[in-house]
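This briefing is meant to be read beside the sequence and the coordinates.

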Amino acid sequence: MGVAEDLKNDLPVAMTMAAFMGVAWYICVELNIRLFLTFLRKKGLYFWACCVGSWGVMTQPLFMVMADFEQITNPYLALTLIYISWWMMVIPQSVVLYSRLHLVVSNPDHLRYILYMIIFTTVFISLPTMGLGIAAQASRIPRLMSANLIWDRVQVSIFFVQETIISVLYIIETRRVLRNRSTLGEDDKTIQTVMHHLIYTNLLVVFLDASLLGMSYSNFFYVQAAYKPCVYGVKLRVEFSILNRLVQTLRGSSQRSYAGGTDPSGGRKTASGRAEWHNSHHNNVRLETYTPQSEVNIMPPHVGRDSTPSVEEGPYGRDGIVQTTRISVVPSKPADVAQPSGGWKNE
């Protein structure tokens with residue numbers, strides 16, 4: 001590619017590139033070890049998005065070095081490998097965030113719009129980037145080279161906006177979840193700590209994307225080419241850590257809510273492992289909050305839910321989550337515990 005001599009003559013740039021590549025390789029090797037040791041079942045959107053993203057981060061600088069130092073002599077083959085690894089690095093990054101977004105986002109429309117956005121950028125942004133980049137850099141036609149330089153900055157800006165939107169959505173929805181848990185009287189310090197870490201992680205992602213965007217508009221072409229895999233590797237590593245911790249924490253909180261020995265509402269665990277809820281008047285107390293997304297449900301595990309509950313909805317909060325709450329007290333009978341009731345009994 002004719003850049004080997006330039007790198008040899010500019011030692012600071014070469015050493016900076018080597019440092020960024022080393023960080024990217026180390027992070028992704030460690031991440032792959034964690035992936036295959038953590039996941040018992042090697043399947044699912046999140047698992048494969050992490051795997052493909054990490055493989056792209058590892059192969060992108062490798063193919064660039066091989067092309068720069070003319071270890072791959074065919075320019076079309078070298079550029080094809082570089083852009084395939086670029087696609088593997090960039091696209092799965094947004095898929096990783098999307099695959100865990102349902103943990104904090106209750107509105108299915110928001111999830112659907114994010115998915116549409118990822119599909120649009122994958123088809124109409126990444127594929128033209130690959131085609132134009134290979135054609136321009138392999139043919140060295142001046143007009144194609146100029147167009148590719150402009151388009152490269154445009155696609156970097158578009159992917160920056162996409163990942164920023166997802167990160168900001170995480171931050172907004174996480175704050176909403178924390179506010180709703182506080183409103184319901186829940187004080188789980190572990191969950192609050194993880195939620196705050198999730199906010200800080202996405203702020204870090206926005207900061208790294210902004211630094212990458214600034215580097216792309218600078219004249220440090222070789223440095224930014226090595227800096228990009230490093231940034232994507234760091235983002236993938238911190239997102240893997242905090243998002244999996246969020247899953248484990250929420251799952252543990254859900255299990256503690258129903259399987260604990262004693263809970264604040266007076267429940268106790270029976271010998272069969274089922275929670276039996278009662279108060280001093282020997283009544284079962286059921287509290288359920290209905291929303292269009294049915295996010296918050298606090299009920300004894302042995303109580304059945306109405307198939308068509310009659311709920312009067314109203315704007316009881318700007319967050320749109322705690323909207324309608326129904327509390328009903330039902331006389332506790334042995335039959336109620338042995339055979340779940342099929343509907344509500346109001347007194």
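T38 is partly exposed, since its relative accessible area is 42%, and the residue belongs to helix 2. Although T38 and N244 are separated by 206 residues in sequence, their C-alpha atoms lie 9.8 Å apart in space. These values, like the others below, come from a predicted model.

**Chain as a whole**
- The chain contains nine helices and five strands, and their order along the sequence is α-α-α-α-α-α-α-α-β-β-β-β-β-α.
- Of the 347 residues in the chain, 44% count as buried.
- When contacts between residues at least 6 apart in sequence are considered, 70% of them join residues at least 24 apart.

**Helix 2 against helix 3**
- Helix 2 packs on helix 3 with the axes 10 Å apart and at an angle of about 150°; because angles over 145 degrees count as roughly antiparallel, helix 2 is described as roughly antiparallel to helix 3.
- The crossing in which helix 2 passes helix 3 is left-handed.
- On the helix 2 side the contact includes M21, W25, L31 and F36, and on the helix 3 side it includes F47, W55, P61 and V65.
- By residue class, this contact of helix 2 with helix 3 consists of 18 nonpolar, two polar and no charged residues.

**Helix 3 against helix 4**
- The axes of helix 3 (residues 45–68) and helix 4 (residues 75–99) come within 7 Å of one another and cross at roughly 150°, which makes helix 3 roughly antiparallel to helix 4.
- Helix 3 passes helix 4 in a crossing that is left-handed, and the residues of their contact divide into 20 nonpolar, six polar and no charged.

**Nonpolar cores**
- The largest nonpolar core comprises 32 residues, among which L35, V104 and Y170 have the most contacts inside it.
- At least two residues of this core come from each of helix 2 (11–38), helix 3, helix 4, helix 5 (108–139), helix 6 (142–183), helix 7 (189–216) and helix 8 (221–259).
- Apart from its neighbours within four places in sequence, V104 is in contact with Y170, E173, T174, R176, V177, M195, L198 and L246.
- A second, separate core has 19 residues, including A24, C28, I125 and Y232.

- N148, placed in helix 6, counts as buried because its relative accessibility is 10%, and the cut-off for buried is under 20%.
- If residues up to four places away in sequence are not counted, N148 touches Y83, L132, G133, A136 and Q137.

Terms used: Residues numbered from 1 in each chain as written. Predicted model: local features only at pLDDT ≥ 70, side-chain atom pairs only at ≥ 80, totals over all residues. Heavy atoms only, no water. Axes fitted to C-alpha atoms, helices over the stretch in contact; angles between N-to-C directions. Helix = DSSP H or I, 4+ residues; strand = E, 2+ residues; numbered from the N terminus. Parallel < 35°, antiparallel > 145°, perpendicular 65-115°, else oblique. Left-handed = near helix turned anticlockwise from the far one by under 90°. Nonpolar A, V, L, I, M, F, W, Y, C, P; charged D, E, K, R; others polar. Core = buried A, V, L, I, M, F, W, Y, C linked by side-chain atoms within 4.5 Å. Buried < 20%, exposed > 50% of the residue type's maximum accessible area, 1.4 Å probe, protein only. Contact = heavy atoms within 4.5 Å.
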